[in-house]
Amino acid sequence: MGPLSCIMAIFVNPVAAANLLMLVRWPDGVVCPHCKESSNIKKRGRYMTCLQRYYCKDCKRSFNDKTGTILHYKHVGPGQWMMLVWGFFGGPTNGMSINYLANEIGSYPVVYYLIKNMMTMVYNLPTKKLSGTVEHDEAYARAGSKGTKIDGKDGLYTIPSRRGLPRISGRGTYEKDLPMVTAAYQRADKTTRDCVVYNVHQGGKKLADIVEETVKPGSRVYTDEYMAYSSLGKRGYEHETVNHSEDEYASGENNEVHTNNCECVVGLLKWWQKKHRGVSKQNLHLYTKSYEFIRNHRHCNYTGRMLTAMSAILGTYRGREYYNEYNPKLAELIQMAA
């Protein structure tokens, strides 16, 4: 049985799905989610017929494998939740839209808010600063308010949703429904794979400040000729530019100074977001970071991609290479499900 078939077999097997949830939720052993420290735990029955239930001898409280996660008090089984994770994060690179997943699994409001909570967990993952040779570029995404309720001078009111946002002249801004999305692309070398970090610019920061938050000082940074990057040399970076206004798109020895990779990953981001049929600018940062997670883990195998997404959502993320290694417990679980 192939890797994809093994994963699907776990989804439809309630016991195997519950055991996989347990494996990812407690990688270092069960710890009480109430007192946060105690490992003086004993098993006490079952919850929903398949989930393990526990009792903490220190704080005298019970819990199960879903307690303290985004699945807590959600009437969604482990197998259904894993289908959502697979469809949105861990499956094909293009992924599936929330509407499509809702048609297959449950009601749209339940699926939407569950996936939004999953995207929030991925957004809150700590981001390591890039180093080495890094390209940095900016682009603009057409994103409106989509019926967002806001508190104005005359009380709470709703901004109407509309299709076909108008095009504006000059550079876009968050207020003009054309927020800036920056991309920092770390080129691969002999020891590390390539990596990309996206940021949605909502105003209040300069581009040089965003670079400083994303890239380690001393790195080589390639940008275009935009004046907002002019202070990078003074901030401790080896800064080189290409002049797009003069139709220069590569320079330096062997034409190594360019931002073509950045333009590529920004185009892939926009292509990935198209299936969502318009993203609200209030949620644009969640979708952007979700695609960042998907792209940076595209080198993992099917099983590793699924498990890294689950661990990120459950708060036990160990890095993109952790679950690519052979795990005897996981192998035994897959064999049982098959």
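This is a predicted model: local features need pLDDT of at least 70, side-chain atom pairs count only at pLDDT 80 or more; totals for chains, interfaces and linings use all residues.

Student: How is a helix pair described?

Tutor: Two packed helices are described by the angle between their axes and the distance between the axes. Here the axes of α3 (residues 78-90) and α4 (residues 98-105) come within 11 Å and cross at roughly 155°. That makes α3 roughly antiparallel to α4 (an angle over 145 degrees).

Student: Which residues of α3 and α4 make the contact?

Tutor: From α3, Q80, M83, L84, G87 and F88; from α4, I98, L101 and I105. Contact means heavy atoms within 4.5 Å. These residues divide into six nonpolar, two polar and no charged, with Gly counted as polar.

Student: Is S219 buried or exposed?

Tutor: Buried means under 20% relative accessible area, with a 1.4 Å probe and protein chains only. S219 is at 4%, so S219 counts as buried. S219 lies in the loop between α6 (207-214) and β9 (220-224). A polar atom of the S219 side chain is 2.8 Å from the backbone oxygen of K216.

Student: And T133?

Tutor: T133 is in strand β4 (residues 133-140). At 19% relative accessibility, T133 also counts as buried. T133 and S219 are 86 residues apart along the chain, yet their C-alpha atoms are separated by 6.2 Å.

Terms used: Residues are numbered from 1 along each chain as its sequence is written. Side-chain values use heavy atoms; hydrogens and water are left out. Axes are lines fitted to C-alpha atoms, for helices over the stretch in contact, and angles run from 0 to 180 degrees between N-to-C directions. Helices (H or I, at least four residues) and strands (E, at least two) are DSSP runs, numbered from the N terminus. Angles under 35 degrees count as roughly parallel, over 145 as roughly antiparallel, 65 to 115 as roughly perpendicular and the rest as oblique. Buried means under 20% relative accessible area, exposed over 50%, partly exposed in between (1.4 Å probe, protein chains only). A polar contact is a pair of N or O atoms within 3.5 Å; within protein, one must be able to donate a hydrogen and the other to accept it, and residues adjacent in sequence count only if both atoms are side-chain atoms.
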